[in-house]
Amino acid sequence: MKALVCEHYGKVDDLVYRDMPNPTAGSGQVLVNIEAIGVNFPDGLLVEGKYQAKPATPFMPGGEFAGTIAALGEGVKNFAVGDKVFGWHTSYGAYAEQVAVAEEDIFKMTPSMSFEQGAALLCATSTSHHALKQRGQLKPGETLVVLGAAGGAGLAAVQIGKAMGAKVIAVCSTDEKIAFAQSQGADEGINYTKEDLKSAIKERTDGRGADVVYDAVGGDAFDACSRSMAWNGRLLIVGFASGRIPTLPVNLTLVKGYSVVGVFWGTFTKKQPEDHAANMVELLQWFEAGKVVPVIDETFALSDGVKAIQYVTGRNVKGKVVIKP
Ligand SMILES: NC(=O)c1ccc[n+]([C@@H]2O[C@H](COP(=O)([O-])OP(=O)(O)OC[C@H]3O[C@@H](n4cnc5c(N)ncnc54)[C@H](OP(=O)(O)O)[C@@H]3O)[C@@H](O)[C@H]2O)c1
């Protein structure tokens, strides 16, 4: 099969489109013919050797995919050949024409779901769901500030925040991105390249500060948010797309009475499988109700996978980027 392969850690440019052996479904696994692959910011970090995981080279990056089951391994109970599914490859390898994954790591697509939407429902969308639900304990009527609100994870947080009944303030680097986030439900926007973020959050919350901040950006934006939290607020640490992992003067949390809460979706799915399964039921209900629907910005061929990753890491994306093998 064709695949996009990381031969050595380094630049995303160095990824090679070439033949790799076809996988086979082991015990408890299904073999999936991939129709769409979700591209995520961490895919670039993984290839550059800057991610938490460091698979042995050569490897194929990519976690999320959607496609059709081509074969079943021994003992698979809940799926049949021909089922349309989306899923997550826990040890990477989705930038390919086929994957073999455990049946626990796939979900049946709903009738109205496209392969592109299915391939965009796990990494960004399910992370934001877990972040706002289990970690953020977001309640109806609370104010949620979303950094990077036009990106994959950020836009999902906007949609899920609205589905959970919050007032959502989208923070983005351009007016165009803010308009996009507002078209997807955000109540207000802050362009943090034009406005001082700390003052803008205070002004938009009548001086109270944010109940919940969803931070997938880090850096200076985190610094501003760490000074803009409401009493009993929750500052969610999701990622550092800005490139700087910030440090926190912990006295701020004492004086302002807020919590800083880490979010790591991949580990959550393994340590709390029942909560993950319940989240997916709720997420699919929101999808069917039209409340949480991934927006596909651009689609690339697998042979152009390098361009797809660079489009995301280059701060261009509005919603999600998908690769078609
Ligand atoms: N914790 C978890 O379990 C988990 C799961 C998935 C993803 N993540 C993390 O979440 C973050 C977002 O992932 P994503 O796939 O949603 O990425 P994305 O679609 O590229 O969105 C990232 C956003 O960050 C903002 N940004 C600020 N400075 C940037 C810079 N120098 N370069 C690129 N973007 C910059 C951009 O918004 P503006 O231009 O509006 O500033 C961009 O829209 C990543 O750090 C990723 O590793 C964490």
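A backbone N or O atom of Val-312 lies 3.4 Å from an oxygen atom of the ligand, a polar contact in the sense of a pair of N or O atoms within 3.5 Å. Taken alone, the ligand exposes 900 Å², of which the protein buries 91%; accessible areas come from the Shrake-Rupley method with a 1.4 Å probe. The model is predicted: local features need pLDDT of at least 70 and side-chain atom pairs count only at pLDDT 80 or more, whereas totals for chains, interfaces and linings use all residues. Residues are numbered from 1 along each chain as its sequence is written, and side-chain values use heavy atoms, with hydrogens and water left out.

Two further contacts hold the reader's attention at the ligand. An oxygen atom of the ligand is 2.6 Å from an N or O atom in the side chain of Ser-173, and a nitrogen atom of the ligand is 2.8 Å from a polar backbone atom of Val-263. In total, 27 residues surround the ligand, and the closest are Gly-152, Ala-153, Ser-173, Lys-177 and Tyr-192; a residue is counted if one of its heavy atoms lies within 4 Å. By class, this shell has 16 nonpolar, 9 polar and 2 charged residues. Here Ala, Val, Leu, Ile, Met, Phe, Trp, Tyr, Cys and Pro count as nonpolar, Asp, Glu, Lys and Arg as charged, and the others, Gly among them, as polar.

Helix H1 (41-47), helix H3 (123-135), helix H4 and helix H11 (305-313) each supply at least two residues of the shell; helices (H or I, at least four residues) and strands (E, at least two) are DSSP runs, numbered from the N terminus.

On a 1 Å grid over the protein atoms alone, a cavity is a set of points where a 1.4 Å probe fits but cannot get out, while a pocket is an open set with protein on both sides within 12 Å along at least five of seven lines; lining residues have an atom within 4 Å of a point. Grid points are joined across faces, edges and corners, and a volume is the space filled by probe spheres set on the points. A search of the whole structure finds 1 cavity of 30 Å³ or more, and about 70 Å³ of space lies in the largest cavity. Helix H4 (residues 152-163) gives the largest share of its lining, 4 residues.

The second largest pocket has a volume of about 380 Å³. It is lined by 18 residues, and those closest to its centre are Glu-103, Glu-104, Asp-105, Ile-106 and Phe-107. Helix H10 provides the largest share of this lining, 4 residues.

Two backbone features remain. Most residues other than glycine have a negative phi, and most peptide bonds are trans. The peptide bond from Thr-57 to Pro-58 is cis, with omega near -10°, and Pro-58 is found in the loop between H1 and strand E4 (64-72). Asp-206 has a positive phi of about 55° although it is not a glycine.

Notes
Polar contact = N/O pair within 3.5 Å; in protein donor to acceptor, adjacent residues only side chain to side chain.
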